[in-house]
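Hi everyone, thanks for making time. Let me put the structure up on the screen, and then we can walk through a few of its features together.

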Amino acid sequence: MLSLQLTTIYSSDNFKIEVDENLAYIRTEWMRPLSDKEFMEEAMRAYDVIAEKNAEIVLVNSQQVSILGPDTKDWLSNTYYSLFSRTSLKKMARVMPDNLFKKLALASVVARADASGDISYTIQDFASEAEAVRWLLEA
């Protein structure tokens, strides 16, 4: 199996972005729950990096994600996930939180985005980061 050579290109108390340029791979991680405004700002930072680096595979570690408000969930469903269809992205793996309420909220956001038909890449949810990485790196 390929091994990742991750370099941290952004890190705050809220969010971290790592990249493996050779694999066109980006890993993001939510470090703690945030306000909706902070969440959206950090999410857009991730989008900018993914677009700029022409990432094809992305891992989003959402284990520490916030409980999102309805406006933020609408923004994710109707705007955010469709933005990636304009990038090189092929696969996105999301490592889900243990909290059932958060997990269901994140799953419903993607289901709504997918139903709109604006998603040109594959999104899959995982319980562990190891499973997510395996899926991302398989041919």
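How many aromatic pairs does a search of the whole structure find? The search finds eight, where rings of Phe, Tyr and Trp (its six-membered ring) pair if their centres lie within 6.5 Å, with planes under 30 degrees apart counted as stacked, over 60 as edge-to-face and the rest as tilted.

Before the details, a word on the source. This is a predicted model, in which local features need pLDDT of at least 70 and side-chain atom pairs count only at pLDDT 80 or more, while totals for chains, interfaces and linings use all residues. Residues are numbered from 1 along each chain as its sequence is written, and side-chain values use heavy atoms, with hydrogens and water left out.

Back to the rings. W75 and Y80 make a tilted pair, 5.0 Å centre to centre with 35° between the planes. Y80 also pairs with F84: the centres are 5.0 Å apart and the planes are at 90°, so this one is edge-to-face. Are these residues buried or exposed? W75 is buried at 16% relative accessible area, Y80 is buried at 7%, and F84 is buried at 1%; buried means under 20%, exposed over 50%, and partly exposed in between, with a 1.4 Å probe and protein chains only. Ring pairs link Y47, W75, Y80, Y81, F84 and Y121 into a cluster.

Now the helices. Helices here are DSSP runs of H or I, at least four residues, and strands are runs of E, at least two, numbered from the N terminus. The axes of helix 1 (residues 36–52) and helix 2 (residues 70–83) come within 12 Å and cross at roughly 5°. The two helices are therefore roughly parallel, a label for angles under 35 degrees, with over 145 being roughly antiparallel, 65 to 115 roughly perpendicular and the rest oblique. Axes are lines fitted to C-alpha atoms over the stretch in contact, and angles run from 0 to 180 degrees between N-to-C directions. Residues that meet there include F39, M40 and Y47 from helix 1 and W75, L76 and Y80 from helix 2, contact meaning heavy atoms within 4.5 Å.

Helix 1 also holds V49, which is buried at 12% relative accessibility. Leaving out residues up to four places away in sequence, V49 touches I9, I17 and I26.

Last, the strands. Strand 1 (residues 7–11) and strand 2 (residues 15–20) run antiparallel, joined by four bridges; strands pair if DSSP finds at least two bridges between them. T8 has E18 in strand 2 as its bridge partner, and a hairpin of three residues joins strand 1 to strand 2.
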